Amino acid sequence: MTARTLPVPDGLDGMRVDAGLAKLLGLSRTAVAALAESGDVSLDGRPAGKSDRLVAGAWLEVTLPEPEQPVPVRAEPVPGMTVLHEDDDIIVVDKPVGVAAHPSPGWTGPTVVGGLAAAGMRVSTSGAAERQGVVHRLDVGTTGVMVVAKSEHAYTVLKRAFKDRTVEKGYHALVQGHPDPTDGTIDAPIDRHPRHDYKFAVVAAGRPSVTHYRTLEAFRAATLVEVRLETGRTHQIRVHFAALRHPCVGDLTYGADPVLAKRLGLTRQWLHARLLGFDHPADGRRVEFTSEYPDDLRKVLDLLADG
């Protein structure tokens, strides 16, 4: 454990403890709230709750846990993962279901980074040790196209492109019911769920998040939509459609109907990263890669089409 003692800056005067400390220490509000609840935050020697207010000049003492050690990359083949494109700067893969982008605490399954290592493919050494070369991620239960940087230059350029929102990210999602309007934009901030740390939610003080969608095909119980992401928050599509009460079919974490999922034989959210377009880091030319639906998602559409 590491103890830090510092005065509350003027700029944080009057802010809630969780919001102010998150800004001051670069932690999530959820992490700060957990510290406060366990008695690891005090103001002028008195324990502070997460909703207490900071006072400029007061002495703040925080006991921080030791940082988690990075999870090593385990090189192992990933069945079903195909390379759509490879050159000196980038590798574009078609990620199957049940595969994480990179290792993380608690995850013992296959990873994109580990699969590339097993295939003898070198990736950029930029980024944290366990996610070198990874410039964006897909959820374990989301399939589709993903790019990994091979060169250090590509890592820098692609990270900036994702941050500057010049990357085109196109998804197809099957959502329950029929969104109204059929084409639209969801503009709602996202942050950690206030009660369940493994989930995210639309939260007033969250990070700006914008999702554009249009209907491709309407079925009796669900609608296939094309989604374009303006921002790239964790679980963004899943959270936004759940907030509209049209969760992705099969997404039990975000309120999908388990009866419908079982009837369709779906064991994960129906969400597929269909298209990825960006300026190639080597010469700036625009490149675009697409991924076909995997068998489990295709079968669901066939079942719905048959009524």
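**Close-up views of a predicted model**

**View A. A charged side chain over an aromatic ring.** Arginine 274 is placed over the face of tyrosine 293, at 5.8 Å from the ring centre. The structure shown is a predicted model. Tyrosine 293 itself is buried, with a relative accessible area of 16%.

**View B. Aromatic pairs.** A pair of aromatic rings is described by the distance of the centres and the angle of the planes. Three aromatic pairs are present in the structure. One of them joins tryptophan 270 and tyrosine 293 in an edge-to-face arrangement, 5.2 Å centre to centre and with 75 degrees between the planes. Because tryptophan 270 belongs to the loop between helix 6 (258–264) and strand 14 (271–279), and tyrosine 293 to the loop between strand 15 (286–290) and helix 7 (295–305), this pair ties together parts that are 23 residues apart in sequence. Tryptophan 270 is buried, with a relative accessible area of 0%. The rings of phenylalanine 278 and phenylalanine 289 have centres 6.0 Å apart and planes at 35 degrees, so this pair is tilted. Phenylalanine 278 lies in strand 14 and phenylalanine 289 in strand 15; the pair therefore ties together parts that are 11 residues apart in sequence. Phenylalanine 278 is buried at a relative accessible area of 1%, and phenylalanine 289 also counts as buried, at 11%.

View C. Four strands form an open sheet in the order 1-4-2-3, with antiparallel pairing. Strand 1 (2–7) and strand 3 (46–47) are the edge strands, each pairing on one side only. Strand 2 (residues 41–43) and strand 4 (residues 59–64) run antiparallel and are joined by three bridges. Within this part of the sheet, leucine 43 stands opposite leucine 60 of strand 4. Helix 1 (residues 17–25) packs on the sheet and touches strand 1, strand 2 and strand 4. The direction of helix 1 makes about 75 degrees with that of strand 4.

**View D. Alanine 22 in helix 1.** Alanine 22 is part of helix 1 and is buried, with a relative accessible area of 11%. Leaving aside residues up to four places away in sequence, alanine 22 touches Val17, Leu27, Ser28, Arg29 and Val32. Between alanine 22 and arginine 286 there are 38 Å in space, C-alpha to C-alpha, and the two are 264 residues apart in sequence.

**View E. The nonpolar cores.** In soluble globular proteins, nonpolar side chains tend to be buried together. The largest nonpolar core of this model has 44 residues. Leu116, Val147, Val227, Ile237 and Phe278 are the residues with the most contacts inside this core. For valine 227, the residues touched include Tyr171, Ala173, Tyr213, Ile237 and Phe241. A second, separate core of 17 residues includes Val8, Leu25, Leu43 and Leu60.

View F. Threonine 111 is located in the loop between strand 6 (90–95) and helix 3 (112–118). At 5% relative accessibility, threonine 111 counts as buried. Not counting residues up to four places away in sequence, threonine 111 touches Val78, Val99, Ala100, Ala101, His102 and Pro103.

View G. Most residues other than glycine have a negative phi, and most peptide bonds are trans. The peptide bond from aspartate 180 to proline 181, however, is cis, with omega near 10 degrees. Proline 181 is found in the loop between strand 8 (168–176) and strand 9 (183–187). Histidine 235 is not a glycine, yet has a positive phi of about 60 degrees. The place of histidine 235 is the loop between strand 13 (222–229) and helix 5 (236–243). Arginine 245, likewise not a glycine, has a positive phi of about 65 degrees and lies in the loop between helix 5 and helix 6. Histidine 235 is buried, with a relative accessible area of 16%, whereas arginine 245 is exposed, with a relative accessible area of 71%.

Technical notes: Residues are numbered from 1 along each chain as its sequence is written. This is a predicted model: local features need pLDDT of at least 70, side-chain atom pairs count only at pLDDT 80 or more; totals for chains, interfaces and linings use all residues. Side-chain values use heavy atoms; hydrogens and water are left out. Rings of Phe, Tyr and Trp (its six-membered ring) pair if their centres lie within 6.5 Å; planes under 30 degrees apart count as stacked, over 60 as edge-to-face and the rest as tilted. Helices (H or I, at least four residues) and strands (E, at least two) are DSSP runs, numbered from the N terminus. Buried means under 20% relative accessible area, exposed over 50%, partly exposed in between (1.4 Å probe, protein chains only). A charge sits over a ring if NZ of Lys or CZ of Arg is within 6 Å of the ring centre and within 35 degrees of the ring normal. Two strands pair if DSSP finds at least two bridges between them. Contact means heavy atoms within 4.5 Å. Axes are lines fitted to C-alpha atoms, for helices over the stretch in contact, and angles run from 0 to 180 degrees between N-to-C directions. A nonpolar core is a set of buried Ala, Val, Leu, Ile, Met, Phe, Trp, Tyr and Cys residues joined through side-chain atoms within 4.5 Å.
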